[in-house]
Amino acid sequence: MKHEPTRWISDYERTGYLVVEDCLSAATLAALRKAIEKITADPDSLPTEIKRHLDFERDYVKKNPQYNDLSPQQVGNALRSIRELPLLDPVFADFIVYPPVLDVLQNLFGNSEFSFFNCKCIIKAPLVSSRFRWHRDQPYVQYTSPNLITAMLCLDDMTGQNGATIMLPGTHRISHDKDNPADMDIQDKDLPDGPRVMVTCPAASLVLFHGSVIHGGGANRSDKPRRNIISIWAGPENLPIAAKRYACEGLMPRSVKPERQRQLYMSFPHLFPP
Ligand SMILES: O=C(O)CCC(=O)C(=O)O
């Protein structure tokens, strides 16, 4: 990864998002793909304790037929997302402290005291995925402040054919209520004027965006999966207000506070030996 903090900050502040290529080593990319493929290979056969974290495309299409031209039967056993990754394989838990991702986050937050919210994999399954509604991430997160960054690690190239994410640059600056449920599904007619930018980038890229940026994306009609590992991070003193907590929520891997560092070392003793 090229270390370009000035470019990172200026792109992010201007547009609300940033693309950093070459963020993953080949070995980490291979390990993450392998762990995801263990789950996607035959999801119906997995034990209940794993299945409860899986969202099937067929269930989504049943409830939201407007986002897919196919029927629930036609999408088969394709997965749409895998939630709570840190619970499912140690490779995902360890990824919370992956230094290149933390370097970019620390620059964008301008501070070491940012914290982990949650981590999932979004899958656009080959040939059958739904398209993604226009939305902001913020209302899903339920924190005291809008200072949130979504960090999306691309396990595959993002292309026009496989449903690359589409951003509406600058929409983080439009005044809005941070917890407006209408921002979870914004209709085309309600989108602000302005360009729509399709984020095409190679596998191993990191795409980061502000919790207020409006984004969406097309379906995957290519013959290969398009998968992103998505973690959400909260800025300094930005605190949860919902009753529910996610796996590893609240860890602060770059904190300079001794108790936070102790929490981190004790959470990942194999990565931080005494
Ligand atoms: O994977 C993508 O293209 C974006 C996913 C997304 O918008 C989300 O998880 O909120």
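In this predicted model, the lining of the second largest pocket comprises five nonpolar, four polar and six charged residues. The volume of this second largest pocket is about 230 Å³, while that of the largest pocket is about 1000 Å³.

**The largest pocket**
- The largest pocket, with its volume of about 1000 Å³, is lined by 37 residues.
- Closest to the centre of the largest pocket are Asp55, Ser81, Lys120, Ile122 and Tyr140.
- By class, the lining of the largest pocket contains 14 nonpolar, 10 polar and 13 charged residues.
- Strand S4, which spans residues 115-124, contributes the most to this lining, with six residues.

**Cysteines and disulfides**
- A disulfide is a covalent bond that joins the sulfur atoms of two cysteines.
- For Cys121, the closest cysteine sulfur belongs to Cys119 and lies 8.4 Å away, so the two are too far apart for a bond.
- Cys121 is buried, and its relative accessible area is 0%.
- Cys154 takes part in no disulfide, and the nearest cysteine sulfur, in Cys201, is 3.9 Å away.
- A disulfide requires two cysteine sulfur atoms within 2.5 Å.
- Cys154 is likewise buried, with a relative accessible area of 0%.

Note on methods. Residues are numbered from 1 along each chain as its sequence is written. This is a predicted model: local features need pLDDT of at least 70, side-chain atom pairs count only at pLDDT 80 or more; totals for chains, interfaces and linings use all residues. Side-chain values use heavy atoms; hydrogens and water are left out. On a 1 Å grid over the protein atoms alone, a cavity is a set of points where a 1.4 Å probe fits but cannot get out, and a pocket is an open set with protein on both sides within 12 Å along at least five of seven lines; lining residues have an atom within 4 Å of a point. Grid points are joined across faces, edges and corners, and a volume is the space filled by probe spheres set on the points. Helices (H or I, at least four residues) and strands (E, at least two) are DSSP runs, numbered from the N terminus. Ala, Val, Leu, Ile, Met, Phe, Trp, Tyr, Cys and Pro count as nonpolar, Asp, Glu, Lys and Arg as charged, and the others, Gly among them, as polar. Buried means under 20% relative accessible area, exposed over 50%, partly exposed in between (1.4 Å probe, protein chains only).
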